[in-house]
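Subject: Two-chain model for you to look at

Hi there,

Here is the structure I promised to pass on. Please open it alongside this note, and then read on for what turned up.

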Amino acid sequence: MTDPVISIEELRFSWPSGGEVLNIERFDLNAGERLFLRGPSGSGKSTLLGLIAGVLEPGAGHVNVLGMDLAKLPSARRDRIRADHLGVIFQMFNLVPYLSVVGNVTLPLKFSPTRRKAISGDTDEEARRLLARLGLTDAALLDRRVSDLSVGQQQRVAAARALIGGPEIVIADEPTSALDADARDRFIELLSEEAARTGAALLFVSHDASLARLFDRAVDLREINTARAEA
Amino acid sequence: MKTILSLAWKSLMNRKGSVILTLLAVALSVALFLGVDKARTGAREGFDNTISGTELIVGAPTGSVNLLLYSVFRMGNATAEISWPTYQKIAHRDDVAWAVPISLGDSHRGFRVMGTTTDYFDHYKYGRNKDLVIAKGRRFEDLFDAVIGADVAKELGYDISSPMVLSHGLGKASLGSGHDNRPFRVVGILAPTGTPVDRTVHVSLEAITAIHVGWETGAKNPLADTITEEMIRSFDLTPKSVTAIFIGLKQKGTILTTRRAINTNPGEPLMAIMPSQALAELWSVTDVAERALLAVSIFVIAVGIVSILTSILSSLNERRREMSILRAVGARPGHIFALLVLEAGLVGFLGALLGIALIHVILAIAGPIITAKYGISLTGTGLSVTDIYTLLAVTLAALLAGAIPAWMAFRRSLADGLSVRL
């Protein structure tokens, strides 16, 4: 078995303002795995994603991404790792309002030469191809301002952006909470398919336990996080 | 950096409305500043270029600036004149190489008429010792010959042999008070000089006397109209007085002693001035006002820069989300900082550029109007190093101002991480 792409050991994190938010003994995400991480709001899942993305620094312990311990790296290095190896999908408002649909999708390539090099041909072509796979084929739609797209369409653009250039890890923070049930299942299906195709491991975070059935494995954050939650 | 610059540009384009307003604020402030500066240096150069080669100007005692303004720039009027014998005395001084008398006080359809001698065309110089050139025709010889400046010819549509009637006084249309029975004839047209010479009608000193026959008391003698041309020609037309004298010296070194000698002339009180010194005196008067204007316009530029700052600061909150998206796709906090600084810098740069274009358009329109009114052409108003420095300074100031919101966004992007609680 290959090494996990994310491996967390003895992680502790507190906000400067007070109580401990996270205390995780062990958490792994394996290569190519599709993992459902369940956590209600306030359970510290956004904090956990911030730590994995390298924008937050753990108080103690290790956050290994692709074998590199983020806690030991300077922030510029962590930014580099995030740019090169991580795709992120937010709950909503995922897109930069002044960029076109294709411009939004290719944005990570501007910050990561590694991901840019992973694409052999034209980057705009690759963006359109990814968008088409995610069900956005209408040429007129691609020319619209991103703020004119429906939430479901915006989330697919965000998924294409997270996947472009084949990062090893895609993390999604409640990406379907603004979608209705049909759109939600369809979105997860497409995201899973594409992640499988590019070989990306998918870390999907949601409070909605009913989604767990769509994934390889499910973990409940409340079970692995022993920090005493404070109101 | 190219990525960030392109992001900054697209972000600005996305907020066109407010960006254009800010751009205009900067452009207008820059145009005001450069306008003041160019008007000031342009007017100075224009004035400085009007007379050269004349070492002293002699007139009746008055302010030196006043004497310079009415004798050279045809602005204002002489309060007193110099008698003819005094003129002759000065002209025959040993240290004087040449003395050209001028007589002012009449006009022709809004253009000043100046009586002088033909020596004027030899000795009056402008710019860097440039001679007056008769573009067409010849100098005046006959009593009723007139040599006109380039603008007079152009604006009144005069050519060689055009008849002209000179009027007493300086009104644009001197109805009823005209010297109707003194018909003059254009015999020469001067090449353009960019000085008040272009707007002057030159006649002989005798002609000035002639047009005043019948006006000796200052009002029209009822019999004046009965005096015919032939009768005038038979009169002794030696002038009784002149308005001012332009003097060239045999040796420049004597300028101060000559001036003192003239200033302390026994008998008729006189005043001799050095044109460049009188101009310097004029500038020292206007300098305070110019500096005040420049200071005000610099403050207006500061207001323009502050408006850039305001527009970026006010957009910062709603752009918090955008910043965390950029962070998520791999932007470093430094990128966020650079993005906002570049946005401010771009607005400053484009605003200043627009301002420079604006002031050049304004000067291209206003320049000829000023020249038409005062005979002074604003020179050196083209693209200058001042323009470039202003462009750089405004851009730099905008970049620095942009550092404030950039720093706030920088700090925030570190604190916010990936999740923004909206």
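A word on terms before anything else: helices (H or I, at least four residues) and strands (E, at least two) are DSSP runs, numbered from the N terminus. This is a predicted model, in which local features need pLDDT of at least 70, side-chain atom pairs count only at pLDDT 80 or more, and totals for chains, interfaces and linings use all residues. Residues are numbered from 1 along each chain as its sequence is written, while chains are lettered from A and ligands numbered from 1 in the order in which they are written.

**Confidence**

The model scores ipTM 0.85 and pTM 0.75. Within chain B, strand β11 (residues 200-204) has the highest confidence, at 93, and helix α8 (residues 229-234) the lowest, at a mean of 74. Residues 171-178 of chain B have a pLDDT below 50, and this stretch has 12 contacts in the model beyond near neighbours in sequence. Here a contact means that the C-beta atoms of two residues, placed from the backbone, lie within 7 Å. Where pLDDT is low, the predicted coordinates should not be read in detail.

**Chain B**

Chain B has 13 helices and 14 strands. Of its 422 residues, 43% count as buried. For burial, the count is of other C-beta atoms, placed from the backbone, within 10 Å of a residue's own: buried is 20 or more, exposed is 12 or fewer, and partly exposed is in between. Among the contacts in chain B with a separation of 6 or more, 80% come from residues 24 or more positions apart.

Two loop residues are worth a look. B:Asn129 sits in the loop between β5 (125-126) and β6 (130-131) of chain B. Its phi is positive, about 60°, although B:Asn129 is not a glycine. B:Asn129 counts as exposed because it has 8 C-beta neighbours inside 10 Å.

B:Ile51 lies in the loop between α2 (16-48) and β1 (56-59) of chain B. Is B:Ile51 buried or exposed? B:Ile51 is buried, because 23 other C-beta atoms lie within 10 Å. Not counting residues up to four places away in sequence, B:Ile51 touches B:Val72, B:Tyr126 and B:Pro275. B:Thr195 is 144 residues from B:Ile51 in sequence, yet the C-alpha to C-alpha distance is 8.5 Å.

**Chain A**

Helix α7 (residues 151-163) of chain A has 13 residues and reaches 18 Å from its first C-alpha to its last, close to the 18 Å expected at 1.5 Å a residue. That expected span is 1.5 Å times one less than the number of residues. Because 11 of its 13 residues are buried, α7(A) is largely enclosed by the rest of the structure. The buried residues include A:Val157, A:Arg161 and A:Leu163. They pack against β6 (86-89), α3, α5 (123-133), β7 (169-173) and α8 (181-198) of chain A. Just after α7(A), A:Gly165 takes a positive phi of about 80°.

Two of those partners also meet each other. The axes of α3(A) and α5(A) come within 9 Å and cross at roughly 115°; axes are lines fitted to C-alpha atoms, for helices over the stretch in contact, and angles run from 0 to 180 degrees between N-to-C directions. On the α3(A) side the contact is made by A:Val102, A:Val105, A:Thr106 and A:Leu109, and on the α5(A) side the residues include A:Ala127 and A:Leu131.

A:Glu174 is in the loop between β7 and α8 of chain A. Its phi is near 50°, a positive value in a residue other than glycine. With 19 other C-beta atoms within 10 Å, A:Glu174 is partly exposed. Leaving aside neighbours within four places in sequence, A:Glu174 is in contact with A:Gln91, A:Val205 and A:Ser206.

**Where the chains meet**

Chain A gives 23 residues to the contact and chain B gives 17. On the side of chain A that touches chain B, α1 (45-53), α2 (75-85) and α3 (101-111) of chain A are the elements that give two or more residues.

Enjoy exploring it!

Best wishes

Key. pLDDT is the predictor's confidence in each residue, from 0 to 100.
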